[in-house]
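Subject: Structure handover and findings

Hello,

Please find the structure below. My notes on it follow.

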Amino acid sequence: MGVVSATADYGSLLVMVTFGVWQEPARALSFVLGSTTAYLLNRRWTFVSRRDTKEAVAVAAVYAATFVLILTIYWLVRHSLPVSAWQITIAWVVSQGIGTSFNFLTQRLLVFRR
């Protein structure tokens, strides 16, 4: 599930940047695509879901916090690196790794706890 979500995220980022979308808006949109994929897969197969309003609000709050975290880290890493063919990939990997860890742990400990 993680590989599918990461592929949707990273792949869409590369496609958008290739077609001229600025990097930060492209990263924001790629996060939305990857996170939507992850949420749907995790809700179905990873976590025990109540599928109620409280859960939906909690998941939305976690994803909003993750969105801010990922975009901030992406921007910081990208602007701290010299321009190169690897700049986007390195910034994505660092932001995704930190964001995914935060998101998973927060959902496991707060949203989908048993």
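This is a predicted model: local features need pLDDT of at least 70, side-chain atom pairs count only at pLDDT 80 or more; totals for chains, interfaces and linings use all residues.

Ile98 belongs to helix 4, which runs over residues 87-111. Together with Trp86, Ile90 and Val94, Ile98 makes up a nonpolar patch on the surface. The accessible area of these four residues together is about 370 Å².

Helix 1

Helix 1 covers residues 2-18, 17 residues in number. From its first C-alpha to its last, helix 1 reaches 24 Å, close to the 24 Å expected at 1.5 Å a residue. The buried residues in helix 1 are Ser5, Asp9, Ser12, Leu13 and Met16. They lie on the same side of helix 1, because the arc they cover around the axis is only 105°. Val3, Thr7 and Thr18 are exposed on the other side of helix 1.

Val17 is also in helix 1. Its relative accessibility is 23%, so Val17 counts as partly exposed. With neighbours within four places in sequence left aside, Val17 is in contact with Gln23, Ala26 and Ile88. Val17 and Ile88 are 71 residues apart in sequence, and their C-alpha atoms are 9.3 Å apart in space. Ile88 is among the buried residues of helix 4.

After helix 1

Phe19 is found in the loop between helix 1 and helix 2. Phe19 has a relative accessible area of 69% and is therefore exposed. Phe19 and Lys54 are 35 residues apart in sequence, with 39 Å between them in space, C-alpha to C-alpha. Just after helix 1, Gly20 has a positive phi of about 95°.

Salt bridges

How many salt bridges does the structure hold? There are two.

One joins the side chains of Arg27 and Asp9, at 2.8 Å from N to O. Arg27 is in helix 2 (residues 23-46) and Asp9 is in helix 1, so this pair ties together parts that are 18 residues apart in sequence. Both Arg27 and Asp9 are buried.

Glu24 and Arg78 also meet through their side chains in a salt bridge, with an N to O distance of 3.0 Å. Since Glu24 lies in helix 2 and Arg78 in helix 3 (residues 53-80), the parts tied together here are 54 residues apart in sequence. What is the relative accessible area of Glu24? Glu24 has 22% and is partly exposed. Arg78 has a relative accessible area of 13%, so Arg78 is buried.

Helix 3

The 28 residues of helix 3 should span 40 Å at 1.5 Å a residue. The C-alpha atoms at the ends of helix 3 are 40 Å apart, which agrees. Among the buried residues of helix 3 are Glu55, Val59, Val62, Tyr63, Thr66, Ile70 and Leu71. Ile73, Tyr74, Val77 and Arg78 are also buried in helix 3.

Helix 4

Gln96 is located in helix 4. Gln96 counts as buried because its relative accessibility is 15%, under the 20% cut-off. Which residues does Gln96 touch, not counting residues up to four places away in sequence? Gln96 touches Asp9, Arg27 and Ile70. Asp9 and Arg27 are the pair that meets in a salt bridge at 2.8 Å, and Ile70 is one of the buried residues of helix 3.

Asn103 is likewise found in helix 4. Asn103 counts as buried because its relative accessibility is 8%. Not counting residues up to four places away in sequence, Asn103 touches Val62, Tyr63 and Thr66. Val62, Tyr63 and Thr66 are buried residues of helix 3.

Regards

Notes. Residues are numbered from 1 along each chain as its sequence is written. Side-chain values use heavy atoms; hydrogens and water are left out. Patches are made of residues with over 30% relative accessible area and no salt bridge: like charges are joined within 9 Å, nonpolar side chains (Val, Leu, Ile, Met, Phe, Trp, Tyr) within 5 Å. Accessible areas come from the Shrake-Rupley method with a 1.4 Å probe; for residues, only the protein chains shown count as cover. Helices (H or I, at least four residues) and strands (E, at least two) are DSSP runs, numbered from the N terminus. The expected span of a helix is 1.5 Å times one less than its number of residues. Buried means under 20% relative accessible area, exposed over 50%, partly exposed in between (1.4 Å probe, protein chains only). The arc is that of the directions from the helix axis to the C-beta atoms. Contact means heavy atoms within 4.5 Å.
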